[in-house]
Amino acid sequence: MSAVLVLVLAIPALGAVVAAALPARADRAGRVVGTLAAALTFGISVPLAVRTEPAGSGARGIHPWQQLDVAWVPGLDLRFHLGVDGISYPLVVLTTLLTLLCCGYTLWSVPGAGRGRLLTALLLVIEVGILGTFLALDLVLFFVFFEVVLLPMYAVIAVWGGDRRRHAARKFVLYTLFGSVLLLVGVFTVVSTTGTADLVRLTAEGGSGLARGTQLAAFILFAVAFAVKSPLWPLHTWLPDAHTEAPTVGSVVLAGVLLKMGTYGLIRVAIGVAPYGAQRAAPVLGILAVAAILVGSLVCLAQVELKRLIAYSSVGHMGFVVLGIATLTATGLQAALIGNIAHGIITGLLFFLAGAVKDRTHTGALGELGGLRETAPALAGVLGFAAIASLGLPGLAGFWGEAFAVVASLRLNSPLWTVLGVLAALGGAVTAAYFLRLLRRVTHGPASPAVATIRPRLAPAELMSWAPLIVLALVVGLLPATVVSMAARPVAAVVSGSR
Amino acid sequence: MLSTVEYAAVDYAPASGLLSSVWLLIAIPAVSAAVLLLLGRRADRWGHWLGCLSVGASFVLGLLYFARLRGLPNRSVELNLYTFIPVGRLRVEFGLLFDPLAAVFVLLITGVGFLIHLYAVGYMAGDPGRRRFFGYFNLFVAAMLLLVLGNNYLMLYLGWEGVGLASYLLIAFWYDRPSAATAGKKAFLMNRVGDAGLVLAIFLLFATLGTVNYRDVFTGAAGLTTGTVLILGLLLLLGATGKSGQFPLHPWLPDAMEGPTPVSALIHAATMVTAGVYLIARSNPIFSANSTLQLVVTSVGALTLMIGCIVGCAKDDIKRVLAWSTVSQIGYMFLGVGLGAGAYALAIVHLLAHGFFKAGLFLGAGSVMHTMREQVDIRRFGGLWRSMKITWATFGIAWLAIIGIPPLSGYFSKEPIIVAAFERPGWTGWLFGTVALLGAGLTAFYMTRLFVLTFHGPKRWTEDIEHPHESPPVMTIPLILLAVGAAAAGWLMTTSVPEWLTPTLPAKTHEPVVHLAHGVVTTLSTVVTVLGVGLAWALFRNGTALVPRPAGPVVTAARRNLYFDAINRAVFEVPGRWLTRALVYVDGKGIDGLVNGLAAFVGGGSGRLRRFQTGFVRTYALSMLAGALLIVAAFLAVRLG
């Protein structure tokens with residue numbers, strides 16, 4: 001029993017309520033309260049790494065470091081069951097960190113529509129939903145938290161977004177609702193057949209309570225639902241619109257952690273509950289993942305808008321994560337986890353930077369940008385760093401997840417997976433092409449009119465919100481063991497018996 | 001069928017005492033780079049001196065380590081700093097290996113690197129970005145040292161990409177010039193194509209052997225099938241061709257001359273572009289195990305050395321002639337490592353000698369450009385020997401060295417490779433030997449053309465130049481030291497280095513004379529060299545036209561880089577562009593269109609329901625609530641029923 005697990009959810013929720021309840025004239029106070037709540041949440045999420053539960057046996061299942069299990073709806077046998085382990089911990093910390101950075105950023109700059117305290121409050125509500133998803137060890141609870149995220153994100157895009165925000169927000173909602181319905185049906189199928197929603201038990205049983213056909217059906221339902229969120233090609237078209245139109249902090253949260261709910265769900269729920277289904281469907285998942293890598297990076301080459309390009313790059317990067325998962329091996333899942341974290345750090349940073357460029361130049365069109373190094377060398381330098389981290393330079397965070405997803409694929413030693421691994425590696429090479437094109441267009445060359453008159457210096461608030469991500473990209477790149485080693489045992493406990 | 005990888009494992013002693021600080025070699029320039037890049041303009045006044053100092057310090061340390069290494073029985077020490085990444089059952093250490101091969105590279109990189117850093121203090125004096133330049137330059141040195149000091153392929157790859165990054169940043173250093181920005185991008189991309197090969201090779205090692213440690217790989221490779229070894233070698237070779245500017249990935253190297261001249265000297269002549277040779281020499285147990293593989297490597301080397309020579313004869317840009325010459329000289333090194341056995345060490349000797357004379361040539365060219373107001377066209381030089389004596393003399397020594405006039409270094413380093421090529425059995429021995437011989441003649445021709453047109457004959461300067469002057473001492477001292485190296489290095493290294501490199505590289509065995517005797521080859525190569533020099537002297541001693549005149553198909557083709565750029569465009573760029581356009585169309589109109597169409601279809605089919613799609617969140621929320629209630633009801637029904 002651990003009260004910290006509840007506090008991690010309660011503090012941001014409380015912060016959101018207070019921030020939203022403050023009157024309009026106390027807008028700044030509201031933002032401060034929200035940021036404090038986010039800081040507190042981050043502060044107490046870090047010690048979640050302390051183990052209070054007995055060490056697991058290593059048998060198939062989930063062996064949380066800390067957990068909390070109380071009755072929720074006794075009549076339905078629903079339990080409020082939270083827990084944290086090596087798979088969820090890095091994602092939890094990433095979420096609390098990014099939310100803190102976003103709230104802090106809102107303290108300094110509020111997008112055009114104003115009402116910054118509401119934006120902060122919504123960010124905190126999103127945080128509650130995401131953290132709940134990562135912590136939930138009960139299938140129904142997982143679903144509930146998964147859904148909590150939807151409406152606040154819709155509002156963030158629809159209220160604070162760009163010119164076509166309504167369209168983008170509606171598309172986001174419709175897509176995600178579609179995914180949610182499938183997820184719900186999947187949850188319903190599993191719970192009604194096995195009679196339990198306890199993820200720990202379901203994972204330990206390894207699907208033995210489900211008929212093979214039911215398992216396959218359940219896995220497909222889960223997989224499609226999570227594929228919408230991740231997003232996996234061809235269910236990705238909501239993403240470029242949503243990213244392009246969302247305000248900076250919205251994009252950061254969206255790319256940084258919201259997408260990870262999909263890949264986390266694949267590991268924890270889909271593979272955990274229906275391992276047989278996972279085995280059957282894995283080749284399809286792998287093929288789609290590689291298609292995402294190739295299509296995502298090739299489409300990037302033709303993009304003419306900064307944020308849209310970064311958004312499409314997410315499709316490719318998340319393709320590597322799904323490829324790692326689809327191998328159903330310990331190596332692949334570990335690659336997926338570090339890939340998740342790296343993508344959150346780097347793409348979060350990239351969206352912050354894209355926002356900074358757009359704030360200064362009032363355009364995201366690559367054709368109108370150029371020569372940023374001339375007028376804003378520091379911003380151009382950080383953008384160069386982030387782009388190079390994202391294209392998978394070894395020694396920076398992005399490399400490991402992609403490299404080991406390919407290694408895991410090649411290690412399966414079958415013709416299909418060898419081809420997939422090779423194609424994925426080639427897709428990775430294309431990543432370099434579009435990021436260099438981006439740098440060539442934005443930072444190199446003579447300064448364009450839009451760039452010529454911008455302020456050269458970085459605001460302290462900008463530096464404060466970027467610096468942690470820059471440092472993390474380096475630390476995870478040079479010491480990847482910090483992230484992957486804690487996931488080794490939990491991952492082994494998930495895949496044992498899967499393949 | 002199992003492969004025939006033979007590898008007598010060398011015992012690496014764990015590093016102790018002085019050698020346990022071998023990581024400092026990398027750390028010093030890396031820290032200096034970080035300081036220079038992070039401090040920004042605050043470091044403008046002293047940044048270049050810090051840059052020189054850090055590389056100088058690494059050189060001194062390198063000498064100390066080298067001296068210590070000589071005293072060790074196995075001359076190889078290993079230092080594992082920490083566990084890099086444990087994934088599944090795979091495990092990679094952040095480990096360094098200081099052995100004879102690494103040691104000579106360390107001395108080349110830091111020694112020649114220091115001289116070029118010093119030169120750059122003068123060369124970049126007027127440039128507002130000089131501090132940034134030294135930051136990138138230090139970053140390069142750190143990455144290159146990482147490349148040669150790693151004890152496994154992943155560390156090598158780390159350095160490999162690091163030098164690629166530094167090269168990209170330095171080629172595009174003058175980022176406001178579109179040609180420089182594009183050349184930087186081209187270099188990085190072509191390298192990336194090669195890197196895809198290297199990285200796949202590393203993945204293949206992980207997948208088949210579960211390790212990337214040099215020693216474990218070479219020991220384990222005996223258990224691989226011949227096919228796997230062949231694929232592994234070809235992938236490594238692809239990586240090597242990308243980095244070293246070899247066919248078919250060579251076109252980026254001449255374009256890389258858009259960077260400042262010290263960059264061309266250090267990165268695109270002396271060190272980085274030789275990384276491919278290092279990779280193959282380091283992996284010699286793999287390459288030696290498969291004769292097909294060796295044939296491919298030698299063919300790539302021979303073909304590239306001819307391409308480089310032919311194009312080099314037709315170019316008018318002083319730096320590009322030198323760049324094509326680099327392409328060609330690395331072709332000789334590839335020929336060497338491809339021939340295998342004792343020729344691995346010969347290639348390394350040539351690599352080291354080339355480091356001296358080519359760096360000297362580039363810096364000399366920079367000195368000329370410096371005084372000629374960044375003019376690079378050799379048609380607009382001439383008669384410079386009178387006004388810049390030191391540059392002329394040092395360039396002259398390097399010129400004699402590269403064309404292989406005894407007793408300068410090129411003679412001792414290149415000629416043994418030609419001899420070794422003739423020692424290869426079968427008709428390929430004749431082929432490779434003849435190509436190498438012809439290459440020597442062509443090298444003599446185009447290098448003499450370059451030398452004569454630049455320093456001799458009538459003045460053909462542009463109007464704005466009146467009194468060319470010698471460069472300042474901070475530039476001429478490195479020139480002199482490099483010239484000394486270019487003169488003496490070959491003779492000093494010709495037996496000592498191959499001995500030093502055994503057993504990291506295979507020992508020289510006395511091959512039977514297969515085609516031509518040593519003496520015959522020496523005579524022939526001297527004859528073709530003299531012919532080349534004489535021809536060029538006769539043609540160009542009276543200068544040449546100020547602009548290129550129309551010429552026959554061969555010269556035109558050579559001027560256009562043998563159409564490799566056009567081929568690349570037609571085969572990769574244009575179809576690539578069409579593919580991306582098609583994909584964007586499919587993505588936008590196809591998938592997204594399908595989704596939107598589906599939505600419209602559903603909407604049209606149930607027109608009445610459209611009323612609910614008001615676009616207001618509250619309506620959506622309400623319908624979600626209703627749906628949720630429905631589900632809960634269904635849930636209850638199942639549970640209770």
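**Aromatic rings and cysteines**

Over all chains, the count of aromatic pairs comes to 39, where rings of Phe, Tyr and Trp (its six-membered ring) pair if their centres lie within 6.5 Å, and planes under 30 degrees apart count as stacked, over 60 as edge-to-face and the rest as tilted. One of these pairs joins A:Tyr105 and A:Trp108, which are edge-to-face at 5.6 Å centre to centre with 65° between the planes. This is a predicted model in which local features need pLDDT of at least 70 and side-chain atom pairs count only at pLDDT 80 or more, while totals for chains, interfaces and linings use all residues. Side-chain values use heavy atoms, with hydrogens and water left out; residues are numbered from 1 along each chain as its sequence is written, and chains are lettered from A and ligands numbered from 1 in the order in which they are written.

A:Tyr105 and A:Trp108 both belong to helix H3 of chain A (residues 89-108), 3 residues apart, or about one turn of the helix. Helices (H or I, at least four residues) and strands (E, at least two) are DSSP runs, numbered from the N terminus. A:Tyr105 is buried, with a relative accessible area of 2%, whereas A:Trp108 is partly exposed at 35%. Here buried means under 20% relative accessible area, exposed over 50%, and partly exposed in between (1.4 Å probe, protein chains only).

A:Tyr105 has a further partner in A:Phe352: the ring centres are 5.0 Å apart and the planes are at 55°, so this pair is tilted. Since A:Phe352 lies in helix H14 (residues 330-361) of chain A and A:Tyr105 in helix H3, the pair ties together parts that are 247 residues apart in sequence. Both A:Tyr105 and A:Phe352 are buried.

Aromatic residues of chains A and B also meet in one cluster, made up of A:Phe399, A:Trp400, A:Phe404, B:Tyr82, B:Phe84, B:Phe94, B:Tyr157 and B:Phe206.

Some rings have a charge over them (NZ of Lys or CZ of Arg within 6 Å of the ring centre and within 35 degrees of the ring normal). A:Lys229 lies over the face of A:Phe146, 4.8 Å from the ring centre. In chain B, the charged end of B:Arg449 sits over the ring of B:Phe540, 5.4 Å from its centre.

How many disulfides are there over all chains? The count is 0, a disulfide being a pair of cysteine sulfur atoms within 2.5 Å. The sulfur of A:Cys103 has its closest cysteine sulfur in A:Cys102, 7.1 Å away, which is too far for a bond. A:Cys103 is buried, at 0% relative accessibility. B:Cys313 is likewise in no disulfide, and the nearest cysteine sulfur, that of B:Cys309, is 6.7 Å away. B:Cys313 is buried, with a relative accessible area of 16%.
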